[in-house]
Amino acid sequence: MLAGGGKPGLASPSVVAGKTGLEIMQAMLAGEAPYPHIAETLDFALVEVGPGTAVFQGTPQLKHYNPLGSVHGGWYATLLDSAVGCAVHTMMPAGRGYTTAELSVNIVRAASIKSGPLRAIGSVIHCGRQLATAEGRIVGPDGKLYAHATTTCLVFELPKQG
């Protein structure tokens, strides 16, 4: 995403028109479509996509800490929501969209500025005409689990452009 020269922004209808979710995610990864501003805010990036999968990587920083001195739960949740949501996005045919209806996050290990890069790996469990479910895990460079999540997404027809 960053290596491809991508910039944060909102995709114009002409950039996404007629493309499947996987094609849109591949364009984002290649820097041909903008990536969301939240990735810049929380310092994470899309690093891999495939049918039913999306992988993001980020390194917790001091600016992601809560007042108690640990990484804020919202950092884990946003990273996981991105991974599981984008995994669902890869399954969308052209003209179909989705939105998160439910996200459940379990943090099982504290991350810190010493953790190094963490990866959020999202995988689709089920993708139907109205609902999709996915699961995700945040793992460290050593494979240790930091957090895991599940999501339910609503799937819908996108409004016609024109």
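I began with the pocket lining: helix 4 contributes the most to the lining of the largest pocket, six residues. The model is predicted, so I note that local features need pLDDT of at least 70, side-chain atom pairs count only at pLDDT 80 or more, and totals for chains, interfaces and linings use all residues. Numbering runs from 1 along each chain as its sequence is written, and side-chain values use heavy atoms, without hydrogens and water.

Helices (H or I, at least four residues) and strands (E, at least two) are DSSP runs, numbered from the N terminus. A pocket is an open set of points on a 1 Å grid over the protein atoms alone, where a 1.4 Å probe fits, with protein on both sides within 12 Å along at least five of seven lines; lining residues have an atom within 4 Å of a point.

I read a volume of about 920 Å³ for the largest pocket. Of its 39 lining residues, A11, V16, I24, H89 and L158 are the closest to the centre. Helix 1 (13-16), helix 2 (21-29), helix 4 (73-89) and strand 3 (96-107) each supply at least two lining residues.

Next I checked helix 2. G21, L22, I24, M25, A27 and M28 are buried there (under 20% relative accessible area, 1.4 Å probe, protein chains only; exposed is over 50%, partly exposed in between). These buried residues pack against helix 1, strand 1 and helix 4. G31 follows helix 2 and has a positive phi, near 80°.

Last, I looked up D43, in the loop between helix 3 (37-41) and strand 1 (44-50). D43 is not a glycine, yet its phi is positive, near 60°. I list D43 as partly exposed because its relative accessibility is 26%.

How values were computed:
Grid points are joined across faces, edges and corners, and a volume is the space filled by probe spheres set on the points. Contact means heavy atoms within 4.5 Å.
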